[in-house]
Amino acid sequence: MVIVEFLIKLAQGFGIGALALATGLLFGGIGRKIMARIQRRYGPPFTQNFIDLFKLFSKGSVSHGWAFDLGLVAGFAPMLAAIMFLPIGPFTLLPSDSSLIMIVYLMMMAYLGMAMGVLASGNPNSAIGMSRALMLMAGYEVPFAAVIFSVYLFSKTGYLTQIVAQQSGGFMNWNIVKMPLGFLAVEIALQGMLGEKPFDQAIAPAEIASGPMVELGGKYLGFGMIQHSVGLFLETGIVVDLFLGGAPNFWIFIAKQFVLYFVVILVDAILPRLRIHEATSFFWKLPLFLGILQAVIVIIQGGVLNV
Amino acid sequence: MNSLLALLIVPITGSAVAAILHRYRFVERLITFLTFCGTFLFLFGIKVGDIFTWHLDFLGKNVEMGLQITPLSIFMLYMTIAFGIVLTFYNLSERSKMKGFLLLLTLTASNWIFMSTDLISFFFAWELMGWSSILMIFGGKHEEKSRHGALYYAMMSIGGSYSMLIGIFLLSNLTGTFSIQSNVSYLMSIMSVHPWWVLGMVSLFFVAFMVKSGIFPFHTWVPYTYGEAPDGFVPYLSSVMSKYGVYGFLIFLPLTLNEHVPSVFGLAWPNYVLLWFGSVTAVVGSVLAFMQDDVKKLFAYSSFSNLGFILAAISLFTPIGLTAGLFHAFNHLLFNGAIFITVIAVISKVGTTRMSEMGGIWQKMPLTFLTFFIGIAAAAGIPPFAGFGSKWMIFQAMISHGLIFATVLLFFASIASFLYLMRAFHAIFLGQLSHKYDNLKEVSMIGKITEVFLLGALIFFGILPGFILDPIDSIVSAFGLKPLPTSGYEYINGFFSSINMVSIFIVVIIAFIFGFALFAVVAKHKKVPQEDNYTAGQIPQDWNLTPEMYQFGYDFYEPMDKELAPFLKVKIDGFFKGFGESVKYIGGAVKEIFTGNVQIYTYLAVGGLVIFVIAGWVVW
Amino acid sequence: MSEWTEIVDYFRGRSMWMLHYCTGCGAIELPPTMTSRWDMERFGITPMATPRQADILLITGYLAIKTLKRVVYTYEQMQAPKWVLGFGSCTINGGIYWDSYNVIESLDKYIPVDIYIAGCMPRPEAILDAFVKLKEMVQKGEAKGYEKYVKNYDWYKANQDRVLKRTSPVLKEIEKVTKIG
């Protein structure tokens, strides 16, 4: 019986992984189309990212050793693992472990693995790219921490499933209405997490020859695309669960994620790239202030839970 | 023989034997290792509640001294002695400059500290530990610098000990007894009446503990000393000796359970002050770490930054805070030990501690690389390795108390730890391999066994943290608090949620299997050497491009220096240097009196006599 | 098996990435092709930063011998399948620099070319026409220049060496000039 349950869960897990990847790639394609239309041109078809991924997996590539291979596989595998704990619409694969901080730290494992892989290529451009990516992370994670604090204290729980459940019953119950400043802070932090302008210093194609991706070709670049797409799904999914009330079915969930991504793309189309130290210190000013203000409001409203 | 006494006698005899056979290096190290093993065996014979007392006639007073096993002491004893076994086993392979007999003296002192029930033996053991470690630091690689490091450490450690001595005698004068238990209860009883006095008394003790753990502002000795100490001793210094401060804090923190202490933001205000000390230490350590080029100094900053986390957690003195802090103490021992042992393995092969001169070592020392990788994954708090559970619980503790600034600071320190860990990882192990390291070899079999063991321990205690959380629960109950509920061995129960580490581990493994399957199925790759790299079309040979030139190891986070420059203007080190300069100046001025001129002395003697007669102190 | 190759070629044709390497004066026609006026992204073609990531190498215009050395190095860093587009008359027969001591005359002798685009220089419409033709060739399985290079490597290498003999390293005493510190 246990074997059958395990196999069912495995199949469901594969389904969720495929859903996340397909959604992420679709969002990427739609994003490119929207960016093109903003720039008054036609743009590629919506399915372009799928075609790109297929082409990448059929193309030859170079490898710099087993650390390179292991690192790049470790770049996307933990992302796929993290989705298993995320409430997607009504369905969560492993609801008893859907702790938000745990999912955030599991994303960092993907980061660490990818860093190991690209740095093992021995190219200083990748090292510069990773150093910038890490400095940016030291920027956007700080307001995100304040937001996590507010949500935990407000909902008095750390399970994403329960945070979603507390927002059921209509639009006025959503956390975006109850904690608007926190939503603003996390929206700005999301821009940094996704690596979209003005916070794409890590990739920076013209400055550092695409940074970490400099020696990646073929399937390795495909893994990078999987990491980016699944990360997109995961991060927008977390924000939807925290502030936009989850969703009763998959379509509405994906639609809400797309609304967030749409705002990200619009900002990306307009703004130029900041310098890295300006980007990091920006996160420590306005978004952090909003996050802390929200946290103070939550403390005053609800009190703390001394145990 | 009484097992408690055995824990003291065995290391002392081992130390004596090792000192006699000091000339034969390998024999000395072997004796050190065997003594640690023997002490560990005696640990199995003791259980919580064992007591051993004796009396001492001291200045006409009858002082009762004793040894006792509390849940906290058995936890600390197991932790420190087990790590000592691993370290001394590793040192069997090295031509290490660590003097084994001094390490065994430190072990004796360490066991005594954890077991003593009275302040006299506590102080004696504390001093013994301090002096033996100071002597051990003298044996570093550069004579001059290791002397400087040892003296810096000595001054701060002795300063702390003297403040503790003043505290001991002031306190025992009031209570009439030296027993730790009765002194602490006395302080608890008068806390509501004379809070400032109690705080002043406790601060005298806390200075010693803060020095030992490297808490801000007494952290300045840590990078100097770790950088200059002999390599074989540094893991013990950072993993084990910092825990003495933690033990000391835990002796006095029960004071704050008193309801009459005024509270700030829901915490008793001494706890709140300690919380800030801990958070600031965590941030200062992390931020200064990612600017370092010397690898031992970088991990020295990392070490006391983690002690800041531990102090911030235990200062809350609630079940979740205590559990988180003690759990992090254990995890810190494990991952810090793994990191330092791999780092000293690399240093011994490479011959330099500057990270900008290393690079690409992963190709030559793959097992060391893997252990270091898992070590830094644990240090960054990544599930399912050892460090995740404690960091997770610390954040839950902070959030549950509504401490927003502490949460933000500690989260920032955690992310900054990721920064410096990646810097060390890249500059040492990844990137381009210089041709001068073409003949580098992996560590010997003993080193390999140590590394595999540490690797396994990091994964094992990550997946099944219950083995550590159960003893910690008994410690929490011993302090009179209600412990957190425990489920199976694989569960970590926090305040807001609980997680099953085994299921996370299984999900990650399945994802990795899928990833490797995908890797194998799609188009094949071609292996290229490190010279075949993207160089913007330029031919490397035309430009004499050597691997050292193409490795980005120096000044890795240069943009952050600009951002953080305003915060780094305050230099605590400068404060202590200035303090030392003023003491030297005053001493120099006093020295002026002793001119050696007999005439001056006569004038002084006559003048002094006249003053004394006038004042009536001497009857003429 | 051939159906699988057909499917793979179909996808390859619709997502070709070009290396953003502007070798000569013809590169001035690339920005208009990439941007809003003649949008080449709708064919799935975007510029990429490094040869590891790129499929198409565009030799835009005349090729000086020093540049030929870098182009050959870059071409060899790209991975299969890869295609070369000769851009402008200079790659076909030397163009207006046919009598220069420093410029190669026929690109096909040094790296295999799949499509030549005539013109001096070709307008963006011509470039897009060439891209569409390349896509059709790829989807039919006809663009196999990279296999030609591997099979006839000795012939190509002999041609390259004969011409590159004239580019001895510019820096005399390399060690002294590139010493650090």
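## Exercises on a three-chain model

The C-alpha centres of domain 1 and domain 2 of chain B lie 51 Å apart. The domain bounds come from an automatic or database domain assignment.

Before you start: residues are numbered from 1 along each chain as its sequence is written, while chains are lettered from A and ligands numbered from 1 in the order in which they are written. This is a predicted model, in which local features need pLDDT of at least 70, side-chain atom pairs count only at pLDDT 80 or more, and totals for chains, interfaces and linings use all residues.

### Exercise 1: the domains of chain B

Find the stretches of chain B that belong to domain 1 and to domain 2.

**Solution.** Start with domain 1 of chain B, which takes in 262-525 and 544-570.

### Exercise 2: where chain A meets chain B

How many residues of chain A are in contact with chain B, and how many of chain B with chain A?

**Solution.** Step one is the count: 72 residues of chain A are in contact with 69 residues of chain B. Two residues are in contact here if their C-beta atoms, placed from the backbone, lie within 7 Å.

Step two is to see which elements of chain A take part. Helices (H or I, at least four residues) and strands (E, at least two) are DSSP runs, numbered from the N terminus. Helix 5 of chain A gives the largest share of that side, 17 residues.

Step three is to sort the side of chain A that touches chain B by class: 47 residues are nonpolar, 19 polar and six charged. In this scheme Ala, Val, Leu, Ile, Met, Phe, Trp, Tyr, Cys and Pro count as nonpolar, Asp, Glu, Lys and Arg as charged, and the others, Gly among them, as polar.

### Exercise 3: a strand pair between chains

Which strand of chain B is joined to strand 1 of chain A, and in which direction do they run?

**Solution.** Look at strand 7 (residues 525-527) of chain B: three bridges join this strand to strand 1 of chain A, and the two run parallel. Strands pair if DSSP finds at least two bridges between them. Within the pair, Val62(A) stands opposite Lys526(B).

### Exercise 4: a helix pair between chains

Describe how helix 5 of chain A packs on helix 17 (residues 404-429) of chain B.

**Solution.** Two packed helices are described by the angle between their axes and the distance between the axes. For this pair the axes come within 9 Å and cross at roughly 165°. Axes are lines fitted to C-alpha atoms, for helices over the stretch in contact, and angles run from 0 to 180 degrees between N-to-C directions.

Next comes direction: helix 5 of chain A and helix 17 of chain B are therefore roughly antiparallel, a label for angles over 145 degrees. Their crossing is right-handed. (A crossing is left-handed if the near helix is turned anticlockwise from the far one by less than a right angle, and right-handed if clockwise.)

Finally, pick out residues. Helix 5 of chain A brings, among others, Met130(A), Leu134(A), Glu141(A) and Phe149(A) to the contact, and helix 17 of chain B brings residues including Phe411(B), Ile415(B), Leu419(B) and His426(B). The contact divides into 18 nonpolar residues, two polar and one charged.

### Exercise 5: one helix, two partners

Compare the packing of helix 3 (residues 71-91) of chain B on helix 18 (residues 445-463) of chain B with its packing on helix 19 (residues 466-478) of chain B.

**Solution.** With helix 18 of chain B, the angle is about 155° and the axes are 8 Å apart. That makes helix 3 of chain B roughly antiparallel to helix 18 of chain B. The crossing of these two helices is left-handed. Val86(B), Phe89(B) and Tyr90(B) of helix 3 meet residues of helix 18 including Ile446(B), Thr450(B) and Phe453(B). The contact has six nonpolar residues, two polar and no charged.

With helix 19 of chain B, the angle is about 150° and the axes are 8 Å apart. Helix 3 and helix 19 of chain B are therefore roughly antiparallel too. Here Pro71(B), Leu72(B) and Phe75(B) meet Pro471(B), Ser474(B), Ile475(B) and Ala478(B).

### Exercise 6: backbone details

Where does Pro217(B) lie?

**Solution.** Go to the loop between helix 8 (195-213) and helix 9 (221-228) of chain B, where Pro217(B) is found. A cis peptide bond joins Phe216(B) and Pro217(B), with omega about 0°.

Notes:
Angles under 35 degrees count as roughly parallel, over 145 as roughly antiparallel, 65 to 115 as roughly perpendicular and the rest as oblique.
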